[in-house]
Protein chains: 2
Amino acid sequence: MTAAQLQVFALGGFPLVEPGDDLARLIGDSLLANDLTLVDGDVLVLAQKIVSKAEDRYVDLKQVEPTAEAQALATAVDKDPRIVSVILDESNTVVRHCPGVLIVEHRLGYVMANAGIDASNIEHAGSQRGDELVERVLLLPKNPDQFAADLAQQLQQVHGVKVAIIINDSVGRAWRNGTTGLALGAAGLPALDDRRGDKDLYGRTLQVTEVAVADQLASAAALLQGEGGEGKPVVLIRGYQYDSAADRCNGVSALLRDKERDLFR
Amino acid sequence: MTAAQLQVFALGGFPLVEPGDDLARLIGDSLLANDLTLVDGDVLVLAQKIVSKAEDRYVDLKQVEPTAEAQALATAVDKDPRIVSVILDESNTVVRHCPGVLIVEHRLGYVMANAGIDASNIEHAGSQRGDELVERVLLLPKNPDQFAADLAQQLQQVHGVKVAIIINDSVGRAWRNGTTGLALGAAGLPALDDRRGDKDLYGRTLQVTEVAVADQLASAAALLQGEGGEGKPVVLIRGYQYDSAADRCNGVSALLRDKERDLFR
């Protein structure tokens, strides 16, 4: 008997990404340096931060004039009013707040703390770059589902293989401590896999089984990406079986519960 | 350069588990049949259902007399009053409910739908077993952290290796569609890994970085366990680097946010 198997590789030596960098090329170079060759069905998971950096999603805090609303909220949550102002600009609505915590619905529909903006692994308030004091934060990518779809297409053109792409982040959750990997964007696979027609072990049709495949892959990748200084933003997952037919593939937008059906907003 | 690597194996041919079965022995037999040998640092992830079945956590619905409270709630959520009665018996409190949905705080502190009780992959209301109509549901394990610790010890005695154990389930979440793997019990590793002393890429000390390692491993395993009829309840994860020192290891209890610090209860 042979056990079903996944392999999860974190690419070593990935360079620090700068605005305008071509991620398809950087990934191709890094795969080569890591002695890996893409095959059909591979899943590449990219940390959100490298996509945001390539897209130059930096905001210079010195250019931010906080609104009165942002000032008041900043006092309530004990954060920099300029950062709160940027968070509000990126959000549809504030879901919950209390001292130290600001949970919003991001403009793309994710419910998360600080609209996904944090100051770790970017040059942050107080860094010196040459003689200039750098005070900037990094927003989430413009449209992660679209970025993933475009990248999958570029990789197919260059490498001649059909791969799936996930853009992930590490975020907190309701009810549980600690962060887990979460998908912000996906292409080339069913991000939300609807198995409601399948049978269970006893032959009964499953009642409620939609699986958040992209979030599970995002968490698997996060195990190797690590936090902090580990610097392994690109992970290759090989061996995951999925249906890549176009009508089964959906983006992370399919993972976002409608507000009307959500009991926690 | 060599990419950091995880391997994730789902054991094939795992038998259907019956009350009283010795899971340490079944796992040992199955590893052998799958040509796998445990090594120090391996993580074994067990689907909750096989632990519950081994512990005989079945409840015969014919023996359940729903309380008036359960009757009223069953009407509100449109479920079998006997099942609602069993859910309430397993719960500290009802967190939210609406037609079709009953979200509770389980007696062990997990916030989840239906106290983790469902009717898939067990013999369910309406099954025939011989001539007898079987109507039963399956509760979560008695104490998953303890079960995990005991199993790790048994495996160490028999196989001479130190492994970590996670007991997982597939559950829904706030704000997102689809289920993901979640840890109900863990032993032998930091289920919640506190990296708040680490440095980020730019040398700054990370402010908020506790990682829900056990939940990420639970999701990685769920990718291969599948839902429905796939029947691969035991997954081996090899290559994940963790600190197994006793004072770093904690159970899933460490993953449960205190109610006082939770904005969504």
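**Group meeting: strands, helices and a few single residues**

Let's start with a sheet in chain A: 3 strands make an open sheet, ordered β4-β5-β6, and their pairing is antiparallel. At the edges stand β4 (91–98) and β6 (111–113) of chain A, each with a single partner strand, so one side of each has no neighbour in the sheet. Going from one strand to the next, the twist averages 25°. Before I go on, please keep in mind that this is a predicted model.

Staying with that sheet for a moment, β4(A) and strand β5 (residues 101–106) of chain A run antiparallel and are joined by 6 bridges. As a reminder, strands of a sheet pair through backbone hydrogen bonds, either parallel or antiparallel.

Let me zoom out to the whole of chain A. You will find 6 helices and 14 strands there. The chain has 265 residues, and buried ones make up 49% of them. Now take the contacts in chain A between residues at least 6 apart in sequence: 59% of these join residues at least 24 apart.

Next stop, strand β2 (residues 43–47) of chain A. How many of the residues of β2 in chain A are buried? The count is 5 of 5, so the strand is largely enclosed by the rest of the structure. In a regular strand the side chains alternate between the two faces of the sheet. Here, V43(A), V45(A) and A47(A) point one way from β2(A), while L44(A) and L46(A) point the other way, and all are buried.

So who are the partners of this strand? With strand β10 (residues 164–171) of chain A, β2(A) runs parallel, and 5 bridges join the two. In that pairing L44(A) stands opposite I165(A) of β10(A). With strand β14 (residues 234–238) of chain A, β2(A) runs antiparallel, this time through 4 bridges. There, L46(A) has V234(A) in β14(A) as its bridge partner.

Now for the helices, and I'll move over to chain B. Helix α3 (residues 68–77) of chain B and helix α4 (residues 81–89) of chain B have axes that come within 8 Å and cross at roughly 115°. The two helices, α3(B) and α4(B), are therefore roughly perpendicular to each other. The handedness of their crossing is right-handed.

Which residues of α3(B) and α4(B) make the contact? From α3(B) we have E69(B), A70(B), Q71(B), L73(B), A74(B) and V77(B), and from α4(B) there are P81(B), V84(B), S85(B) and L88(B). By class, the residues of this contact between α3(B) and α4(B) are 7 nonpolar, 2 polar and 1 charged. While you look at those numbers, recall that an α-helix has 3.6 residues a turn, so residues three or four places apart point the same way.

Let's look at α4(B) by itself. This helix is mostly covered, with 7 of its 9 residues buried. The buried set runs R82(B), I83(B), V84(B), S85(B), V86(B), I87(B) and L88(B). And what covers them? The cover includes β3 (58–60), α3, β4 (91–98), β5 (101–106) and β9 (136–138) of chain B.

For those with chain A on screen, here is the corresponding helix pair. The axes of helix α3 (residues 68–77) and helix α4 (residues 81–89) of chain A come within 8 Å and cross at roughly 115°. The crossing of α3(A) and α4(A) is right-handed.

To finish, two single residues. Q225(B) belongs to helix α6 (residues 213–225) of chain B. Is Q225(B) buried or exposed? Q225(B) has 22 C-beta neighbours inside 10 Å, so Q225(B) counts as buried. Along the chain Q225(B) and V8(B) are 217 residues apart, yet their C-alpha atoms are separated by 11 Å.

The other one is V161(A), in the loop between α5 (144–159) and β10 of chain A. V161(A) counts as partly exposed because 14 C-beta neighbours lie inside 10 Å. Beyond its neighbours within four places in sequence, V161(A) is in contact with L38(A), V39(A), D40(A) and Q156(A). V161(A) and V104(A), 57 residues apart in sequence, are 38 Å apart in space from C-alpha to C-alpha.

How values were computed
Residues are numbered from 1 along each chain as its sequence is written. Chains are lettered from A and ligands numbered from 1 in the order in which they are written. This is a predicted model: local features need pLDDT of at least 70, side-chain atom pairs count only at pLDDT 80 or more; totals for chains, interfaces and linings use all residues. Axes are lines fitted to C-alpha atoms, for helices over the stretch in contact, and angles run from 0 to 180 degrees between N-to-C directions. Angles under 35 degrees count as roughly parallel, over 145 as roughly antiparallel, 65 to 115 as roughly perpendicular and the rest as oblique. A crossing is left-handed if the near helix is turned anticlockwise from the far one by less than a right angle, and right-handed if clockwise. Two residues are in contact if their C-beta atoms, placed from the backbone, lie within 7 Å. Ala, Val, Leu, Ile, Met, Phe, Trp, Tyr, Cys and Pro count as nonpolar, Asp, Glu, Lys and Arg as charged, and the others, Gly among them, as polar. A residue is buried if 20 or more other C-beta atoms lie within 10 Å of its own, exposed if 12 or fewer, and partly exposed in between; C-beta atoms are placed from the backbone. Two strands pair if DSSP finds at least two bridges between them.
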